[in-house]
2 protein chains.
Amino acid sequence: MTEMKKNTKEQILLTALKLFNKSGSHSVTTNHIAEEMGISPGNLYYHYKNKEHIIREILISMIEDFDLIWKKDADHKFSITDIAEITDRSCDIIYRYRFFYIELSTLLSRDEELSRIYTKIKRDRTKDFETIFHLVESAGLWEKPIPLNERSSLIFIAWSYIESIMTSMQTSNIKITKPNLKKEISRAVYLIKPYLKPEFRNMINVPI
Amino acid sequence: MTEMKKNTKEQILLTALKLFNKSGSHSVTTNHIAEEMGISPGNLYYHYKNKEHIIREILISMIEDFDLIWKKDADHKFSITDIAEITDRSCDIIYRYRFFYIELSTLLSRDEELSRIYTKIKRDRTKDFETIFHLVESAGLWEKPIPLNERSSLIFIAWSYIESIMTSMQTSNIKITKPNLKKEISRAVYLIKPYLKPEFRNMINVPI
């Protein structure tokens, strides 16, 4: 693909994401996206079959953004402050792709292929959470080892919590802003706090 | 209202609940409900304005079922086994009203009044979770007190986890059956396990 075509393809994703976040994907058509960009609908269809195709590509792009969080220099030594950084960067990504989290269950029920991709991603990425547990372990921050079934339950709860954070915020009348999102997501550190050595526990605190 | 009319009103709710659980509320009309019961649509409309009205009454009925969990004899002494019983009974209710949990975000986005009622319920019922913490405290099961912001975060996570349990199960390819639901909901006890006295921690275990 030429640079210009690649650029158009990316611009379509960015424009779609902007409009989806603004109005919800249900009220945005491919025509709206083409119009916003000043390109013809035909040009858009050259790159994407339909809106569902765009949404699937947005999901893949989000996962690539998440992957970058875990890319560290080989000699990077994990410490407790990394947890805050991982949380911060995750919040940025979740806020950037917020329409996806807000509409999650509707989107998945309407597009079987998206649902298939998402379920696979969820299964694969459980390892990211496993990675946190391993890093904390190798940095010697645990007070004692966490039994396997306890750890897998905490990971399942953490995933569910973050996956559904937008719905929880909405049903609790919490406005979806970046600072609010950060505050709510930060609560997830309490899932591991009691297992840390006492000297590290005090480094974890979320404003109420 | 006469007994017979009251009975019809209740039967409509039960029939609607059965059909909603079976096919999803979106594909069930008031005509389907009347037909299933062998009554005229006019008779149904005598009791309920529309489907949204029925769904709101189902939510209220669910909350009444939850209330019964907390009704104990005045001389009942709380013990660690009560947590398992509370979990069990909550699972029964959640499974009984499962369409509501499965469709939560769609239902709330489509009916402003339902959303308003639900948000109020969520706010009020945070006290149920507070109650668990108080009961555990008065039974002397905590190893040490849980700081307030930590407790409120754990309660928020627990609510979010249970509220979105059906979506989490679906996105993890876990079939929605009563035993599976019970297993996934039981994981929530791990949120409080690390705070219990060691002798009680071992009484909490969830099969993996």
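Lys18(A) counts as partly exposed, at 48% relative accessibility. By that term I mean between the two limits: buried is under 20% relative accessible area, exposed is over 50%, with a 1.4 Å probe and protein chains only.

Lys18(A) counts as partly exposed, at 48% relative accessibility. The cut-offs: buried is under 20% relative accessible area, exposed is over 50%, and partly exposed is in between (1.4 Å probe, protein chains only). I start here for the pairing. A salt bridge here is a side-chain nitrogen of Lys or Arg within 4 Å of a carboxyl oxygen of Asp or Glu. The pair links distant parts of the chain: Lys18(A) sits in helix α1 (residues 3-23) of chain A, Glu36(A) in helix α2 (residues 30-37), 18 residues apart. Glu36(A) is partly exposed too, at 43%.

Some ground rules. This is a predicted model, where local features need pLDDT of at least 70, side-chain atom pairs count only at pLDDT 80 or more, and totals for chains, interfaces and linings use all residues. Residues are numbered from 1 along each chain as its sequence is written, chains are lettered from A and ligands numbered from 1 in the order written, and side-chain values use heavy atoms, with hydrogens and water left out.

Now the fold of chain A. It has twelve helices and zero strands. Helices (H or I, at least four residues) and strands (E, at least two) are DSSP runs, numbered from the N terminus. The C-alpha atoms fill a box of roughly 60 × 40 × 30 Å along the principal axes. Of the 208 residues in chain A, 50% are buried. Contact means heavy atoms within 4.5 Å. Take the contacts in chain A between residues at least 6 apart in sequence: 66% of them join residues at least 24 apart.

Back to charges. Side chains of opposite charge can pair when their charged atoms come close. Over all chains, the count is 28 salt bridges. One of them joins Glu85(A) and Arg89(A), at 3.3 Å from N to O. These two are four residues apart in helix α5 (residues 80-96) of chain A, so about one helical turn separates them. Glu85(A) is partly exposed at 30%. Arg89(A) is partly exposed at 32%.

Chain B gives another case. Asp65(B) and Arg96(B) form a salt bridge at 2.6 Å, N to O. Asp65(B) lies in helix α4 and Arg96(B) in helix α5 (residues 80-96) of chain B, so the pair ties together parts 31 residues apart in sequence. Arg96(B) is partly exposed, at 36%. There is also a network: salt bridges that share partners join Arg56(A), Asp111(A) and Glu113(A).

Now look at Arg56 in chain B. Is Arg56(B) buried or exposed? Buried, with a relative accessible area of 9%. Arg56(B) is found in helix α4 (residues 51-69) of chain B. Its side chain makes a polar contact of 2.6 Å with that of Asp111(B). A polar contact is a pair of N or O atoms within 3.5 Å; within protein, one must be able to donate a hydrogen and the other to accept it, and residues adjacent in sequence count only if both atoms are side-chain atoms. Leaving aside neighbours within four places in sequence, Arg56(B) is in contact with Lys49(B), Asp111(B), Glu113(B), Leu114(B) and Ile117(B).

A quick stop in a loop. Gly140(A) lies between α8 (112-138) and α9 (148-163) of chain A. Gly140(A) is partly exposed, at 29% relative accessibility. Beyond four places in sequence, Gly140(A) touches Lys197(A) and Phe200(A).

Last, the interface. How many residues does each chain bring to the contact? It takes 39 from chain B and 39 from chain A. Together the chains bury about 3200 Å², 60% of it on carbon and sulfur atoms. Buried area is the accessible area (1.4 Å probe) that two parts lose on being put together, summed over both. Between the chains there are 18 residue pairs in polar contact, both residues at pLDDT 80 or more. On the chain B side, α9(B) gives the largest share, ten residues. By class, that side has 15 nonpolar, 15 polar and nine charged residues. Nonpolar covers Ala, Val, Leu, Ile, Met, Phe, Trp, Tyr, Cys and Pro; charged covers Asp, Glu, Lys and Arg; the others, Gly among them, are polar. Two salt bridges cross between the chains. One of them pairs Lys193(A) with Glu150(B), at 3.0 Å from N to O.
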